[in-house]
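Open the model in your viewer and keep the selection tool at hand. This tour goes stop by stop.

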Amino acid sequence: MKILKFGGTSVGSVESIQAVLQIVKQTYESGEQPLVVLSAMSGITNLLTKMAEDAAAGLPFMDDLKSLETKHFDVVKKLIAVKYQNPVLTKLKLLVNELEDLLQGVFALRELSLQSKDLILSYGERCSNYLVSKIMEQEIPESEYINASYYIKTDSNFGNAHLNETLTNQLIQALAQTHSGKLLFVTGFIGSNEQGRVTTLGRGGSDYTAAIFGSVLNASAIEIWTDVNGMLTADPRVVKKAFSLPVLSYTEAMELSYFGAKVIYPPTMVPAFMKKIPIVIRNTFQPEFAGTRIQFESEKSGYPIKGISSISDVSVINLTGSGMVGKSGFSGRLFTLLAREQINVILITQSSSEHSITFAVNPNDAHKAVQLINTEFELELLANKLSVPVIEVDLGILAIVGENMKRTPGMSGRLFHALGRNGINVRAIAQGSSEFNISVIINKEDLAKALNAVHDAFFAELKKTLYVFNVGTGNIGATLFKQLHKQHDFLLEQNDIEIKVVGISNSRKMVFNQEGIDLSEWQEQLENEGTAADLGSFIQAMQAMNLPNCVFIDNTASKLPSTYYEEIFKSNISVVTCNKIANSGSYEQYKCLHETARKHGVDFFYETNVGAGLPIVRVLKDLMLSGDRILRIEAILSGTISYIFNNFKGDASFYDVVKKAQELGYTEPDPRDDLGGIDFMRKMLILARDAGYPLESADVQLGNILPERCLQASTVDEFYTELLKAEDYFNQLKKDAEEQGKVIRYIGSLENGEVKISLQMVDEQHPFYALSGSDNIISFCTERYKDRPLVVKGPGAGAEVTAAGVFADLVNVGA
Ligand SMILES: NC(=O)C1=CN([C@@H]2O[C@H](COP(=O)(O)OP(=O)(O)OC[C@H]3O[C@@H](n4cnc5c(N)ncnc54)[C@H](O)[C@@H]3O)[C@@H](O)[C@H]2O)C=CC1
Ligand SMILES: N[C@@H](CC=O)C(=O)O
Ligand code: NA
């Protein structure tokens, strides 16, 4: 014997009823002997409640009654052969007429007792079970409709009746004997009291009916068929990566359901629990999926926890005062009081000094709870042994659940690290003494972010998702998108990393998509769906989305984004940038940004500020972290100028070579920044600062490569015109070098806190002699690399290598 219980959505429409019949038939034919428990058709219980309340308020209800009738009649007409329809329609019409009489009574009296309401509600299950049993009867003549109010006996607590176990057991057993071999369709949710008056079993009532029948009849399993794939690791509406759990213990299922997962209502499981009957949650609309099996024992799953549960809105009440110290009866009095007044306490934490108790309740109960406390503890309040209770609102609860937690150290560490890193402030913590559950109270607005961050932290093998907001879609930005798009599947499949670009802006337009912008057509999306760009609102939108593992990428050459970095770090968002402006502004700003990022536990990565994708910033950082000391740095860090002097040979004109460097994407958006030495100066300044010197840009001794008139040019066009005019000057420079068997190099150095950049001629002996293309080279002479310096060399400009450097920084965020 197996119990199959179908919820309202499973009997919501013709199609879903057909799916139910298919499942029942298959089970029946497999020899499993199913007993079916059905809820009312979806929406009907609400409709009945509304009609009852309308009637009591003297409002019309006939239209609603008609729609109830139509909903059932439509199913008859579609699923029962015409020749068998009449008696079914007649019986349903009788039920509807009875219901109308009851509602007329309520209407006349303008009074709706709990007892009348239960009777009215019972029509939902009675109609659905009768109807479906009759449809099934066409294929399986043994089908029979059972009104469970004759078998489930309860007390007279209408609305939430308690079971009379002994009597119920006897009646169900007798039913099973007289109906052996039958395929029973049993009304969920309803019972009756001693006088035979219909009662209802409260929340989750149909599941309870299934558990009661399952327990009395020693079912092999109780299948709860619903519209989701069992119980999931988290609420799938919030955590897109949530996945179904194949097995849970009763305790785990209870803990998960208690905080949110609405698939089952825990108290309904008790009869099954007592008899160790497994409960299987399955999806009517995906019957091939095995669902979640809830059984007595916990099973290891490969993950340290089973799931994350949440409640999105709670209020917290804080009680503090010396009156609680050592008073063993205090919390007893408090919680008895709340229980007596039916205030459900969701979570309690007590400080070890016993000076305070914090507990969470449903927001609707908070003020009542405080009033009760004020009355009960009036004396303590007057004597100042207790401070006035304080209510905190707009909070949420997140709980990690799993029986194996107690055997795995570091669970709370992992939880708090994930929350801390994402700037989520924990208001209170509670750990069940059973260690099946660690709960935290946080701001309601952080809940979605927290759930995702914690899900990533515990189910990390699955994947880490980085949410990216990118400004700048020029040379570097566009190339980065191309690379991200190309690498997406590899990162996901081979490294469990998913990068979702959720916001893009350039100086004209901006666009957002929380699901991730399709990078194969980002231009179209920006053009067609984008709104006018505004960096302030771009950043506000990013903050408002409040996503975990969030990264802001600055791929512009503008100062504006850098003015927001501090605020961005304060929102616990990391920054990756190839833009050198932030790090080469005032030293105070440099310091403030680095400190703010550190304080908020987020990353500030800017590898491409120096030598594009070449590992230079990282190398210097590692040297410093590992206790080395920089003695001297010598470098060529302008890819543009390197390219120019590597190609300004033979007949080539200086002007043409500069133009070519710009075409190749080596120059800054404004090439004067390269040729004027500002770009190189910024890089040297950043390196000096990273090496521990608090320098300002004015401290850098910058030698020119251009004649004065070129430097004075006020536009890029004018600059090129001046370059053309200075051709003789550059040719002379080239000639001088060639005559001495040397090459021209623009070299920077850092020694004893002094930074110099100058144009030099070097011969074959010099390590910087042999360069080509846009090569950069840097040699670190340090205490540990003294005799032979550590050298990094390679292409130091260009869109591909720069975007690749930004990409590498990005994947390292949060690593
Ligand atoms: N070209 C190279 O080899 C390297 C470049 N970089 C850096 O890369 C950065 C970008 O360079 P490119 O892509 O060549 O520049 P670009 O001029 O091609 O693109 C700049 C982008 O920034 C956008 N932008 C400017 N101000 C903005 C604002 N306020 N809000 C939103 N978007 C804004 C523009 O609309 C454009 O899409 C520069 O900071 C440069 O120093 C760093 C290392 C190497
Ligand atoms: N314009 C820069 C690019 C890298 O920062 C250069 O030429 O080096
Ligand atoms: Na670099």
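Which domains give residues to the shell around ligand 1? Select domain 3 (464-598) and domain 4 (617-797): both contribute to that shell, so ligand 1 lies between them. The domain bounds come from an automatic or database domain assignment.

**Before you go on**

This is a predicted model, in which local features need pLDDT of at least 70 and side-chain atom pairs count only at pLDDT 80 or more, while totals for chains, interfaces and linings use all residues. Residues are numbered from 1 along each chain as its sequence is written, chains are lettered from A and ligands numbered from 1 in the order in which they are written, and side-chain values use heavy atoms, with hydrogens and water left out.

Colour by pLDDT, the predictor's confidence in each residue, from 0 to 100. The protein averages 93, and 98% of the residues score at least 70. The model scores ipTM 0.99 and pTM 0.70.

**Stop 1: ligand 1**

Select the residues around ligand 1, meaning those with a heavy atom within 4 Å of it. There are 24, and the closest are Ile476, Ser507, Thr556, Glu668 and Gly798. By class, 6 are nonpolar, 16 polar and 2 charged. Here Ala, Val, Leu, Ile, Met, Phe, Trp, Tyr, Cys and Pro count as nonpolar, Asp, Glu, Lys and Arg as charged, and the others, Gly among them, as polar.

Now show distances to oxygen atoms of ligand 1. A backbone N or O atom of Gly798 lies 2.7 Å from one. For a backbone N or O atom of Asn475, the distance is 2.9 Å. A polar side-chain atom of Thr802 lies 3.2 Å from an oxygen atom of ligand 1. The protein covers 84% of the 850 Å² of accessible area (Shrake-Rupley method, 1.4 Å probe) that ligand 1 has on its own.

**Stop 2: ligand 2**

Move to ligand 2. It has 13 residues around it, and Gly639, Thr640, Glu668, Asp674 and Lys683 come nearest. Start with Gly639: a polar backbone atom there is 2.7 Å from an oxygen atom of ligand 2. Next, the side chain of Glu668 places an N or O atom 2.7 Å from a nitrogen atom of ligand 2. Then pick Lys683, with a side-chain N or O atom 2.7 Å from an oxygen atom of ligand 2. Taken alone, ligand 2 exposes 250 Å², and the protein buries 94% of that.

**Stop 3: the sodium ion**

Select ligand 3, the sodium ion. Glu607 is buried (under 20% relative accessible area), at 2%. Ala612 is buried too, at 4%.

How values were computed: A polar contact is a pair of N or O atoms within 3.5 Å; within protein, one must be able to donate a hydrogen and the other to accept it, and residues adjacent in sequence count only if both atoms are side-chain atoms. Donors are N, O and S atoms within 2.8 Å of the metal (3.2 Å for Na, K and Ca); water is not among the atoms, so sites may look incomplete. Buried means under 20% relative accessible area, exposed over 50%, partly exposed in between (1.4 Å probe, protein chains only).
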